[in-house]
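Biologist: I am new to this structure. Could you take me through the model step by step?
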Amino acid sequence: MTSPYQLLGVAEQSTDAEIKQAYLQRVKDNPPDRDQKRFQQIQQAFEAIKDGDSRLQYGLFHLPEADFDGLLDSAFGQASDFQPLSEDDFCKLLNAVPVEKALANALANKSS
Amino acid sequence: MSDIIIGIDLGTTNSEVAIVENGKVTVISEAGKKILPSFVGIDDKGEILVGETARNQYLIYPERTIKSIKRLMGQDAQVVMAGHHYTPQEISAIILKRLKTIAEQYVGQAISKAVITVPAYFSDAQRQATHEAGQIAGLDVVRMINEPTAAALVYGASQGEAKRMLVYDLGGGTFDVSVVNVQDGVVEVLSSHGDNHLGGDDFDQQIINHIQDHIREQHGMDISEHSKAMARITRAAENAKLVLSDEPYAQIEEEYLLEHEGAPIHLTLELARSDYEEMIDDYINATMDAVHIALKGAKLTVSDIDEIILVGGSTRTPCIRERLLDEFGFEPHGEVDPDLCVAMGAATQAAMINGQQIDTVLVDVTPYTYGTSAMGYLDGEPYPYQFVPVIHKNSVLPARKSEAFMTFQDGQREVRVSIYQGEDPDALNNIEIGEFMIEDLRDVPAGNIITLTLDLDLNGMLHVSAREKATGLEKSITINNAISRFETEALSHAKQRIDGLFGQKAGDETFSKPDSAAVAEARKLIKKAESLFETVSAEDKEDMVDLIETIASGIEDGDDNALQEPVARLNDIIYYLES
């Protein structure tokens, strides 16, 4: 899956203004009237990383590697009684949250 | 070549149709007039009247004439015209049909597609009704765009640098305000707010009330039952309002308004601008409150705005300009005629949809929050109708959002889903715009997951679906206001009925009656004359308009001989002007 940064073609260190400009350029090339799906992807990507707050949130809570729903379903699914996750799956869930990296990025952005 | 798509501004008081030719936007005029009053009537011979003629008839036969139908769009209402009942959609369709014909005569070919503008703050039901009006008129409505957005498109197209604009759109019946960011060829609406029932008609009504009070005081009678007298003072009030845009005082005079106890009543009344401004002060305050709500929605303040754009005839009211100047500290813009701006934007968007090269891309938002109700809490107490927003106000269109809900009773086999539009945490204080049942759910303990998906399309119309997660059982609807909605059959019936009024066979979509050589030449000449209007003196223009009207009526009567003389004279004037 492409990250919003890749989709808009910007670096993770980009400023708000740079991200906005990249977004507008993408919109210009893909107007909502021509291809709605594509436009919605661009819009969602932009909203995920448009300012410091949303980038921090994206960094903290976006879970690229884990099928969060799947893991939760296997633990709490209605078909069966509660089944604890295996050790491996639990680590997967934990590792999916790159807290340190996201915090470091956010702090770097704030100070720059 | 792809089909022509016209842009239509279907207004409360006036309507216009525009088209993009060779990259240039033209508001199409008929007999020298670009504005078609949104009046519909049936004359004493049973002929249908649209525009100026219907507007004139209103004074003599108010019961045969309909005005301001846009205010009733989306409501379960009917109007009576010459003894027959019509829905608001049908009356609007008559206006659309007229605009369609005007455009067809201009381009000389049949037209079946249109972009129609609606107030940004129009609800789902009002948009649905507008869409239906288009269908009844034989138009495929390829897109509905918001009026202030259309205006921003016209102003935004010429912008080099990034700018934040506030569009203040006060029409005959509706008020919209939008905050727009224009940058790198993208016109991006950041927020919209408004009022569906606030406009110049309300200003007129204040003056009408004033006149009625005056007559009651002077003559001790109530004239509200006298439809002709009321029609006259309605027109007089409107005229006084227009005068007060330029003058400090307006004289209202209507002789022989009606008879009372055998004596004629003459109306003579002076209205001062300051008194008028006091009458409409509450309305202006309401628009300013909306301006601040829109700014807040865009997370901006007054000082972030670079330009104000005025749209709609009612923005000619001087105190509106003054209030905006006070609030923002600079003069609002109105270079593009506030009556024509919206139609021009609609035509621009039509060209864009049609694949023509247009330098400006539009990104719009919804002015409403849409959601559902669920068991929850209100003020800390358990409450069965807590409003659960799904698509938030000012979300970019198209928007698609899902929300998961759980059944709350063991063995619950069905769920009633209600969809609301509004901002109140108590769903019952919002407008319910539709509901449906999901049945045959699995017989399982409470906690069966139902996913609700709301889809708001580029027209601002809502589609809803719900799915039982475990089985994939799905139920979907397009939200149509169940009350005002036309079934497909009723729609085609309405179309036949309206076609009948125009003396056409139902389903007769072809642009019949080919023009004779003389008529074709006359039309070309009119087009040429109108293109010179901008540059000629008022006197020449008047002569030309007179001739165009004579020629137009000759074309209408099919009398080629009657065309010769005025055509020759118009030709002379053009020759003289061009040399």
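Modeller: A term comes before the numbers: pLDDT is the predictor's confidence in each residue, from 0 to 100. Chain B has a mean pLDDT of 88, and 95% of its residues reach 70 or more. This is a predicted model, in which local features need pLDDT of at least 70, side-chain atom pairs count only at pLDDT 80 or more, and totals for chains, interfaces and linings use all residues. Residues are numbered from 1 along each chain as its sequence is written, while chains are lettered from A and ligands numbered from 1 in the order in which they are written.

Biologist: Over which residues of chain B does pLDDT stay under 50?
Modeller: One stretch is residues 480-484 of chain B, with 14 contacts beyond four places in sequence in the model. Another is residues 505-513 of chain B, with ten such contacts. Two residues are in contact if their C-beta atoms, placed from the backbone, lie within 7 Å.

Biologist: And what scores does the complex get?
Modeller: The predictor assigns the complex an ipTM of 0.74 and a pTM of 0.80.

Biologist: How many residues of chain A are in contact with chain B?
Modeller: Twelve residues of chain A are in contact with 14 residues of chain B. On the chain A side, helix 2 (16-29) and helix 3 (36-49) are the elements that give two or more residues. Helix 2 of chain A gives the most, with five residues. Helices (H or I, at least four residues) and strands (E, at least two) are DSSP runs, numbered from the N terminus.

Biologist: How do the residues on that side of chain A divide?
Modeller: They comprise four nonpolar, six polar and two charged residues. Here Ala, Val, Leu, Ile, Met, Phe, Trp, Tyr, Cys and Pro count as nonpolar, Asp, Glu, Lys and Arg as charged, and the others, Gly among them, as polar.

Biologist: Changing topic: in what order do the strands of the open sheet in chain B run?
Modeller: The order of its three strands is 6-5-7, with antiparallel pairing. Strand 6 (48-50) and strand 7 (65-66) of chain B each have a single partner strand, so one side of each is left without a neighbour in the sheet. Two strands pair if DSSP finds at least two bridges between them.

Biologist: How many bridges join strand 5 to strand 6 of chain B?
Modeller: Three bridges link strand 5 (residues 40-42) to strand 6 of chain B. In strand 6 of chain B, Ile48(B) is the bridge partner of Ile42(B).

Biologist: What about helix 6 of chain B: does its length agree or disagree with what its residues should span?
Modeller: It agrees, because the 18 residues of helix 6 (residues 227-244) of chain B should span 26 Å at 1.5 Å a residue, and the end C-alpha atoms are 25 Å apart. The expected span is 1.5 Å times one less than the number of residues.

Biologist: Which residues of helix 6 of chain B are buried?
Modeller: Among them are Ala229(B), Ile233(B), Ala237(B) and Leu244(B). A residue is buried if 20 or more other C-beta atoms lie within 10 Å of its own, exposed if 12 or fewer, and partly exposed in between, with C-beta atoms placed from the backbone. The buried residues of helix 6 of chain B pack against elements including helix 1 (52-60) and helix 5 (200-219) of chain B.

Biologist: Finally, where is Tyr256(B), and is Tyr256(B) buried or exposed?
Modeller: Tyr256(B) is in strand 15 of chain B. Tyr256(B) counts as exposed because 11 other C-beta atoms lie within 10 Å.
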